[in-house]
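Here are my notes on this one, as numbered points. Have the model open while you read.

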Amino acid sequence: MGVKQLGIVGQSVKRRDGIGHVTGQTQYVDDVFYTNMLWLKMVRSPISRGIIHGIDTSKAEAFPGVVAVITAQDVPNNWYTILCLIGVEPNDEPVLAHEEVMYIGEPICAIVAETEAIAAEAAALVKLDIEELPPVLDLEFAISPDAPAIKKWGNNTFMYDGYTHRKLRFGDFETAIQQADHIIEGTYSLSPIEHAPIETHCCVVKPEPDGRLTVHSNTQALYFTMDNTAIILQVPSQRLHMIGGTVGGGFGGKVDVITEPITCIAAMKTGRPVKWRWTREEEMRKSSTRAGVRMQYTDGVMNDGRIIARKVRSLEDSGAYHRHSPYGVQKHMANLPGPYTIPNVWVDAYCVYTNRQPSSAMRGFGVTEATFAVECQMERIARTLGIDSWEIRLINAYRNGQMRPVRKVVEDATLIETIQAAAELIGYDLPAHLKAMNSDDYAGNGGHHG
Amino acid sequence: MNADLFIPRSLDEALGVVQSHGAGLLVMGGGTMMMAHLNEGVFFPKKVMSLARAGLSGVYRNGHTQIGATTNLTDVSQIADYPILAEAAYQIGGPAIRNMGTIGGNLYMPQPAGDLAVPLLVYDAHVELASPSASRTVSLEDFLAEPRSHRGVHELLVAIHLPSPSGHAVYLKQGRREANTPSVVAVGARVVMDGQGRVSNARIALGAAGPTAFRAKNAEAALVGQTLNTKSIAEAAQLATEESNPFTDALATAWYRRRMVGVFVKRALEQLAK
Amino acid sequence: MESITVTFKLNGKTTAVAVEPLASLRTVLREHLHLHATKAGCGQGGCGSCTVLVNSEPVLSCLMLAALADGQEVTTLEGIGTPQHMHPLQAAFFDKFAAQCGYCSPGMIVAAKALLDKNPHPTRAEIAEALAGNLCRCTGYVAILDAIEDVVTQMQEA
C-alpha cells in the first residue's frame, strides 16, 4: 500500500477530548458527585519503620459526622501485590497496615464521613501506638550484612530465582578487563522523582442496588485495576463496573491501584457513594515515585575506542514494597549495557528495599535511568580517550546479527542510521568514515563480531 | 465545619475582635498561607478573622512612606521609589498570588518564604503594631526577633514605615525555578557613597540564610570607608557567609545555601559597583 | 456559625449561596454550584489550576475565602467560552495541542485572558510571566505559549 492511500497516518488529527479540555467540560473523577456521597481520609504512618501495638479509633468514631472506620480487618484479602499475576512474590504489602509500618505515609486506617473536613478532623484524632524502629534508608547499608532485614524473607532485596539480584553474564569480563588499554569508571545516581500530575489521585465508588460497584477511577490501567481490586475484595471481576480513561496526568504514577480497593470497601460497608481524593501533600510525599538508583560502571576500553568489557553494579531503591520495581529492575538489568557491541558483560542489578515510600512506574522506569548512565559513561570514555562523541558511539553501536548480552540476536538495527539522521537534522557534518557506517557493516565496528 | 468568621470593616473593629476572641483567633491577611493550611487539614480553627476589608491597604507618603499591612504584592511591586521592594514583590509567585498576598502577611511567613523582609531591612523599615490597649512601632529587626504567629493573637500588624530612600540598591533572589519559587537565598544590598567614591553607608540583608531574614552587619561594617573593588567585595561576601546560619530543607541544603550567600552577595555588590 | 450566605455576580449572573464560613471560593464553585472547569490541583496556591477572575483580576480560588467574594464579580472558564461558543484562546489551545491531560488548561486560559484584557500586545516573555503561577506537567509549555501568541497575532490582524 502506498503512502498516498493512507487516510489518517501522516495527518494532524485533533484530540477527541480537546474541546472538553479547553472549555473545562471534560469530566474528571473529582468532578463526579453523587447524592448522599461520603468522603474518605486515610490515617497514615508518621514514621518510617515500626511495630504497631495499637490503633485507637474511638475518638474518630465518636466524632459527629463520621459514618465508618475501615481497618485491616475490613479488607477481605489484605494483600497488595499488584504484580502477583506475573509472578512477583511473596505478598509483602498489606492494603492496610496492622502489624508493622514500613514507610512514612503507609495507610493504616480510613475515616469515612459526611464531609471532607469532618473526615480530616476525625482522622487527626486516631491514636497510633507504634514502637519506632531504626529505619533502613541507605542503599549500600541496606544490602550490607550489618543492616536489619526489613523484609520477612530475611534480607533487603527482591529474590530473583533464588538470587539476591539479577545477574547478567556474557563472555568473560574478568579476563577481558586485564587486556584493556584503559579502565574507565563512573558512578551515576538519580534521586527518586515524583510524577506530580496536576490532578491528584481520586476515586469515587457507588454501590448499586444489584450488588455491583460503579468505580470511577483516574487509574492509567483500568483492566489492571479491575483485576487487582477484585483480588483484594475477593469478588468476581464482573461485580466491578469500571469507569475511567480520563486522567489528569499519570506518567506511571497512577498505575498502583492504590485508591480503588479501599474506596470500594468503604462504599460496601456504608452502602453509600464514597469519594477519596488525595491532597497535594499526599501526592507529593506519599504516592509512588520513580526509583532512586545508583549505577557503577567499570569499562575496559581500547585505544581505538572499542569497549571490550563492561561491568555494572546497580542498586535500585524499591522503597518499602514491591509495587512495580521487581519488574522494573529486570528491564533495568537488560538495558544497563546499552545498545553497544560489548563482547564481555557482567551486570549485577539489585532491587533493594528501604523504609522509603515505595517506588513504582514512571516513564520508561528501569530503562530511562540506565540510558542516562550509559550515555554519561560513553561521554566519559570519549573525553578520556580524546575521541569524538559521535565516533565513540558509532564505533561501538550494535550491528545486525550480533548476539546481545541478553541472548537475543540483533535484528532490524537502526541505531547507526538514527544517529546519522540526527547529525543531519542539526546540521552537523559527520566525517566520511562515520557517514559510511551502517547496521550491517562490521568493518567500521572496529573488528567486533557477534 | 462550624467556625466563626470575622471580616471587620475597620482597624477598631478588628481590634475589637482581638479583644473578645484573641486567644483562639486565627488572623489572615491575604489568606495565602492560612488557607493553604486549612485546605491541607493542618489545623481546624474555630475562629478566623480576615483583615482583607479592614481598610489597612494603601501607600501614603508624608515625609516618610507608610505602607498598609494588607497592601497586596501587586501594588507593592509598583512602589517605584523603593525599587528593590518592588522588585522583590514582583519575584514572588505569579500574578494571582501577588493579587492576594499582602506585605504584612509576608512578614509572618516562615523562611524560606517571606522575601520582603530582605528589602525592608535594607530600607530600615519599622513596623507598627496595634493591640486593643496600645500601639507600638518597632524596627523590623526587632520584630523579626520576636516570636510571631497568626494564632492566639493579641496584636495586629497595621503598617510598615519607611524613611525616604537613598543610595542605590540591588535585590537578587535565587530559587529553584525562574519564577514561583521560595528562595534558596535572597540578597538585598544598598550603598550610599560619599564624594570620594567610598561607601559611607551600607546595608546587606539576607533571606533564607538563617531562621529569619537578617542584616549581615559585619559585612556592612567592612564596606564602610572602602571603595567597591574586587577585594572589598570579596571580603564582604566572605563575612556575610560567616554570619549566615542557613538550614536544610526540600529546596536546598545548608551547605549549598551558605555557598550561594557568598556568590550572590558578591554579584549584588558587583552590580552596585557599576 | 454554621453557614453564611455569599451573594455575588458569577459569570454575569447574580448568585446567592449558603456555605460553611471557611469554605474557599473554589469549593463553592465546584461543589455547591457544580461549575467544574475550575480545578482542584493542590490547595496550596502552587499549581494555578484553580485560577478565576475576581473583578477581572486573576486570583487563586483555593486560597480565597468564599465570604470575600460577596459583592464582587467572579468569572470562571465557563463564563469565558463554551463548546458551542469558544473564546479564541480556547480555540487556539485546541488547535495548537496546548491541552494534553487538560487539567491545567482552565487555569492557563483564565490567566491568559486576564493578561490579554490588560495588555493585548504582550511579548512571549510577558506571556510567560503572566503564566508564572500556572504549572503544566504534560506539555512543556511551548504549545501553550504558541497558542496564546497565535491569539495575540489574530487580535492584531483584526
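1. How many bridges join strand 5 of chain B to strand 8 of chain B, and do the two run parallel or antiparallel? There are 4 bridges, and strand 5 (residues 64–68) and strand 8 (residues 156–162) run antiparallel. Within this pair, I67(B) stands opposite I160(B) of strand 8. Helices (H or I, at least four residues) and strands (E, at least two) are DSSP runs, numbered from the N terminus, and two strands pair if DSSP finds at least two bridges between them.

2. A word on the ground rules: this is a predicted model, with local features needing pLDDT of at least 70 and side-chain atom pairs counting only at pLDDT 80 or more, while totals for chains, interfaces and linings use all residues. Residues are numbered from 1 along each chain as its sequence is written, chains are lettered from A and ligands numbered from 1 in the order in which they are written, and side-chain values use heavy atoms, with hydrogens and water left out.

3. Back to that sheet in chain B. It is open, has 5 strands in the order 4-5-8-6-7, and pairs antiparallel. Strand 4 (59–62) and strand 7 (135–139) of chain B are the edges, each pairing on one side only. Neighbouring strands are turned by 25 degrees against each other on average, direction ignored.

4. Chain B also has an open sheet of 3 strands, order 1-3-2, with parallel pairing. Here the edge strands are strand 1 (4–6) and strand 2 (25–28) of chain B, and the twist averages 20 degrees from one strand to the next. Strand 1 is joined to strand 3 (residues 47–50) of chain B by 3 bridges, with L5(B) opposite V48(B).

5. Axes are lines fitted to C-alpha atoms, for helices over the stretch in contact, and angles run from 0 to 180 degrees between N-to-C directions.

6. Now the A–C interface: 31 residues of chain A are in contact (heavy atoms within 4.5 Å) with 34 residues of chain C. The two chains bury about 2700 Å² between them, 63% of it on carbon and sulfur atoms; buried area is the accessible area (1.4 Å probe) that two parts lose on being put together, summed over both. On the chain A side, K14(A), V22(A) and I198(A) lose the most area, together 26% of what that side buries.

7. Which charges meet there? Chain A and chain C share 4 salt bridges (a side-chain nitrogen of Lys or Arg within 4 Å of a carboxyl oxygen of Asp or Glu). One of the pairs is D31(A) with R30(C), whose closest N and O atoms are 2.9 Å apart.

8. Between chain C and chain B, by the same rule, the count is 0 salt bridges. Here 27 residues of chain C are in contact with 31 residues of chain B, and about 2400 Å² is buried, 61% of it on carbon and sulfur atoms. M1(C), L22(C) and L63(C) supply 29% of the area that chain C buries against chain B, more than any other three residues.
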